[in-house]
Amino acid sequence: MSQHILLIHNQALAAQAIIEALTHSSDGCFQVEWVKCCAEGIDRLEGIEAIVVDLDLPDSRGIDTFYRLFSAAPKIPILVLIDSQEQSVGKLALQCGAQDYLLKSRIGAELLSKSLSNMIGRAAYAQGLFEEKERAQSTLNSIGDAVVSTDVCGQVTYLNAVAEQLTGWSQQEATGHPLEDVFRIVDASTRESVQNPMMQTMREDKAVALNPNCVLIRRDGVEQAIEDSAAPIHDHSGAVTGAVMVFHDVSAARATTLKMSYMAQHDSLTDLPNRILLNDRLNEAITLSGRYQRKLAVLFLDLDRFKYINDSLGHVIGDCLLQSVAARLFTCVRSSDTVGRQGGDEFVVLLWEVRQAQDAAITAEKILESLRQPHHIHGHEIHITGSIGAVTYPDDGTDVETLMKRADMAMFHAKAAGRDSYQFFRPQMHARAIERQALEHSLQGAIERQELLLHYQPKLNLATRSIIGVEALIRWYHPQRGLVPPGQFIAIAEDCGLIVPIGQWVLREACRQGCLWQAAGLPPLNIAVNVSSVELRSPRFAAGVREILSQTGLEPHYLELEITETGLLEDSRSVYDVLKELKDIGVMLALDDFGTGYSSLNHLKRFPIDTLKLDQSVVRELTTDNNSTGLVAAVIDIGKTLHIPVVAEGVETRRQLGILLQHGCPQGQGYYLGRPMPAESLRQSLQCGATASAFA
């Protein structure tokens, strides 16, 4: 049967000589089709078994000719013809996929025909090997038994689909691991490890069978009774190069019992160990660590603001997010460690055999960094962080209850420190808990004792540096502790239910002060007041604002209520109703902390927002992070497009101000522009005609 050859050659005499040589060749019967250019050759590829090409063609020259042909026909063997001075091109073509090259000056009938015959033979042999491998692969993946192979060192080289299922390892994960990591077997009666059958069959160079009383421990800890047989793999000289094992599950009779036991000890949503199994494993770890004088660590993880995501996007998305978090936690720990779900959005990581606390810190950092990466769930890009409390045995406790309690306490301190961080338990945390309780007790009567006061921070038009408004900031002057920063008591007020009466006091005092300034002859100033999500959800909040405005006499459009992005996420339907009622009153609304990633741009369209306040964390990084600069520019552009003024918070340096001006930010506030000050100090400065720089 003749072999169909495509000859691509621009020189007629040389082409005729090649055709003549191949047609009368004794090495094979060749049928040659001749074309003069590369494009024409590409059009004639159907049915071609080999290509002979001169790289210098009218429509293509040099190695580019080969690239075009190889791209069009990667499976057809190509023989390249080159001039003697272009051997480097021929070698390059070989590296890129050509089967061979010949010098034009040395082409002979016998050499050419032998080269083509060999080339076609090699291609046919390679195709045969590929098809044989594909058949073997399909066969192995379609049978009902599990198949595992190893090299001579006992490292896994292959798992079929059933083996992946039975061991809990994917082929990609298992490849290169010792078989003992992937195929863990113990005696069902004695619980002692069983000899590796693969090593045995290679050592004895014969097929062996596994003890029928063996149990395979899957990667997640589930046990399966199995039967198997293993045999050595030989090379052509008879030397052992590896082993193959075929095994199958014979635990069908016990499957129901095992499943029920597993479900009782694992979380149904994430498939992680639940609290019961976690406590058992922690008890076991404490016993073994005490016996062998080793350390272990417990990490208590709570997701930050998970409730906002659950409430705004729904429980289905929330459940998928928990599953995504669980999957990421697995990538941050060793196979010997335990990741479990404590309940809700809380996870516990048990780290066996840590040498020092720093080992636990490294794992905590890995977990936090993994969580920060976006979670893509059902078309939503979700950003979430976590707070971690860490304890070590025996330093922080010698029993499960103490370790878990102190890990939980350390986690709450991580949240109080700003979230997205970890904290190790320290003895003084217990003292701080008592301190917090004392602070809460003192806060109960702070309003009646007139210990609360307001400072006012100027808000400036950045282009003119003129003051266009102020933000009311609460302070607490404790009779024994002195001035208590809001960061130390606002969270306490929210937790114990005092934030609503405190917020009403702030609102009333700010409105009253605004009227006093106007009565003193000062130009009316816009007064911004922060509103927590707790206040926003409280009954009659909008009605309370209306009453305070009526009682103080401040015109509604001079009052601006600042609402955080997270506040919009909590029960967004009822929040919308409250905001609409506030707008009907005439109050201005500002979206605070914009850019921290908790809301979508849809909120700017859905909610009646008058002002965007760019979060100070973004402004702070303007001079160090190009991404922050891009984010600021984008927010400013969004504000311009939607006709919503943007206020940059936390402007603390000249460079930050310069970048904001460069991008056209209209308004700003911060220590560089003006520090918070008592009402009287602000009044005196404004009456004296002080410039904006006088407040810095």
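A residue counts as buried under 20% relative accessible area, as exposed over 50%, and as partly exposed in between (1.4 Å probe, protein chains only). This briefing concerns a predicted model, in which local features need pLDDT of at least 70 and side-chain atom pairs count only at pLDDT 80 or more, while totals for chains, interfaces and linings use all residues. Residues are numbered from 1 along each chain as its sequence is written, and side-chain values use heavy atoms, with hydrogens and water left out.

**Helix 18 and helix 20**

- Helices (H or I, at least four residues) and strands (E, at least two) are DSSP runs, numbered from the N terminus.
- Helix 18 covers residues 499-519 and helix 20 covers residues 541-552; their axes come within 9 Å and cross at roughly 30°. The axes are lines fitted to C-alpha atoms over the stretch in contact, with angles from 0 to 180 degrees between N-to-C directions.
- Helix 18 is therefore roughly parallel to helix 20, a term for angles under 35 degrees.
- The crossing of helix 18 past helix 20 is right-handed, meaning that the near helix is turned clockwise from the far one by less than a right angle.
- Helix 18 contributes Q504, L507, R508, C511, R512 and C515 to the contact, and helix 20 contributes V545, I548, L549, Q551 and T552. Contact here means heavy atoms within 4.5 Å.
- Sorted by class, the contact of helix 18 with helix 20 has six nonpolar, three polar and two charged residues. Ala, Val, Leu, Ile, Met, Phe, Trp, Tyr, Cys and Pro count as nonpolar, Asp, Glu, Lys and Arg as charged, and the others, Gly among them, as polar.

**Salt bridges**

- Side chains of opposite charge can pair when their charged atoms come close.
- A salt bridge is a side-chain nitrogen of Lys or Arg within 4 Å of a carboxyl oxygen of Asp or Glu, and the count by this rule comes to 28 salt bridges.
- K295 and D395 form a salt bridge, with their closest N and O atoms 2.4 Å apart. K295 lies in strand 13 and D395 in the loop between strand 18 and helix 15, so the pair ties together parts that are 100 residues apart in sequence. K295 is partly exposed, at 23% relative accessibility.
- E547 forms a salt bridge with R540, the closest N and O atoms being 2.8 Å apart. E547 is partly exposed at 37%, whereas R540 is exposed at 56%.
- Salt bridges that share partners join E471, E562, K613 and E649 into one network.

Terms used
Parallel < 35°, antiparallel > 145°, perpendicular 65-115°, else oblique.
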